[in-house]
Amino acid sequence: MRLILLGPPGAGKGTQAKFLVDSYGIPQLSTGDMLREAVAAGTEVGRKAKAVMDAGKLVSDDIMNAIIDERIGKEDCARGFILDGFPRTLEQADALGDMLQRRGSGLDHVVCLEVDDDALVERISGRYTCANCGEGYHDSFKKPASEGVCDRCGSTEFKRRKDDNPETLKTRLFAYYKDTAPLIGYYHAKGLLKRIDGMGDIGDITAAIRKVLDS
Ligand code: AP5
Ligand code: MG
């Protein structure tokens with residue numbers, strides 16, 4: 001199954017992708033995570049992307065298309081993948097269509113998570129992750145079972161993203177509505193779009209997505 005998770009910053013793309021990885025046995029391809037790894041490793045892509053990401057703007061289509069073209073050609077994507085954070089512009093969406101056509105495949109679903117702006121701000125302001133395994137948490141909505149200890153790996157080190165501040169979030173939301181939201185109409189026209197109410201409980205949203213994917 002080849003699936004896109006679409007939605008604004010903080011909509012729950014990463015949260016839901018993690019559950020879908022377990023359910024469907026296909027990898028999560030998060031372009032945000034890939035770029036953050038490149039920044040941490042100090043690669044050429046990381047050096048180019050750092051200032052752009054810190055400002056909440058979009059990294060160039062050329063860089064992003066090349067990253068995804070290479071990644072979906074890997075062995076673990078043979079049975080499908082979950083795209084989280086890509087495509088983000090109409091140009092990226094066209095490029096993805098070409099990449100898949102070249103490989104004789106195509107998309108199965110585009111799931112759009114719909115969340116109010118106020119909730120996005122709340123979710124992003126409270127978000128943190130395990131510094132060791134990357135498991136995601138939230139100050140109010142998803143705390144570790146034992147305070148200060150990661151549920152998944154037991155680490156006691158956590159981190160927050162540099163772009164998760166109110167000022168940068170404004171720029172990220174602007175970029176979403178200007179450049180990424182047009183993809184909703186684009187995929188609707190292709191008959192691939194499934195809208196999911198992203199305002200409920202995390203588990204209920206996973207169930208709603210699974211229902212759409214399994215129907
Ligand atoms: P990226 O990492 O993709 O960030 P984003 O799109 O802004 O999305 P987030 O990761 O912030 O949100 P999410 O939807 O994954 O939410 P999450 O599940 O964590 O991109 C970062 C940057 O990289 C971009 O700004 C850009 O510069 C660059 N970039 C990446 N891809 C690019 C591309 N293709 N082209 C160009 N540039 C690119 O949830 C958020 C919080 O809410 C968590 O704490 C979670 O626990 C909580 N939560 C989740 N669901 C719920 C719920 N239902 N109820 C309550 N809390 C919830
Ligand atoms: Mg994410």
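Biologist: Where does S60 lie in this model?

Modeller: In this predicted model, S60 lies in the loop that runs between α3 (44–55) and α4 (61–71). The C-alpha atom of S60 is separated by 8.5 Å from that of A49, a residue 11 positions away along the chain.

Biologist: Why is S60 called partly exposed?

Modeller: The relative accessibility of S60 is 37%, and the partly exposed class covers what falls between the limit for buried, under 20%, and the limit for exposed, over 50%; S60 therefore counts as partly exposed.

Biologist: What makes C77 and C130 buried or exposed?

Modeller: Buried requires a relative accessible area under 20%. C77 has 5% and therefore counts as buried, and C130, with 1%, counts as buried by that criterion too.

Biologist: How do you know whether C130 is bonded to C153?

Modeller: The closest cysteine sulfur to that of C130 belongs to C153 and is 3.6 Å away, whereas a disulfide needs a pair of cysteine sulfur atoms within 2.5 Å; the separation is therefore too far for a bond. The count of disulfides by this rule comes to 0.

Biologist: Why is the packing of α6 against α7 given the class it has?

Modeller: Helix α6 (residues 117–125) and helix α7 (residues 166–180) pack with their axes 12 Å apart, at an angle of about 135 degrees. That makes α6 oblique to α7, because roughly antiparallel would take an angle over 145 degrees and roughly perpendicular one of 65 to 115. The crossing in which α6 passes α7 is right-handed.

Biologist: Which residues make this contact, and how do they divide by class?

Modeller: From α6, the residues D117, L120, V121 and I124 meet L169, R172, L173 and Y177 of α7. By class, the contact of α6 with α7 has 6 nonpolar and 2 charged residues, and no polar ones.

Biologist: What makes α1 and α9 oblique to each other?

Modeller: The axes of helix α1 (residues 13–24) and helix α9 (residues 202–214) come within 10 Å and cross at roughly 50 degrees. Angles under 35 degrees would count as roughly parallel and those of 65 to 115 as roughly perpendicular, so α1 and α9 are oblique to each other. Here α1 passes α9 in a right-handed crossing.

Biologist: Which residues of α1 and α9 meet, and into which classes do they divide?

Modeller: On the α1 side they are T15, Q16, F19, L20, S23 and Y24, which meet I202, I205, T206, I209, R210, L213 and D214 in α9. The residues of this contact of α1 with α9 comprise 7 nonpolar, 4 polar and 2 charged.

Conventions. Residues numbered from 1 in each chain as written. Chains lettered and ligands numbered in written order. Predicted model: local features only at pLDDT ≥ 70, side-chain atom pairs only at ≥ 80, totals over all residues. Heavy atoms only, no water. Helix = DSSP H or I, 4+ residues; strand = E, 2+ residues; numbered from the N terminus. Buried < 20%, exposed > 50% of the residue type's maximum accessible area, 1.4 Å probe, protein only. Axes fitted to C-alpha atoms, helices over the stretch in contact; angles between N-to-C directions. Left-handed = near helix turned anticlockwise from the far one by under 90°. Contact = heavy atoms within 4.5 Å. Nonpolar A, V, L, I, M, F, W, Y, C, P; charged D, E, K, R; others polar.
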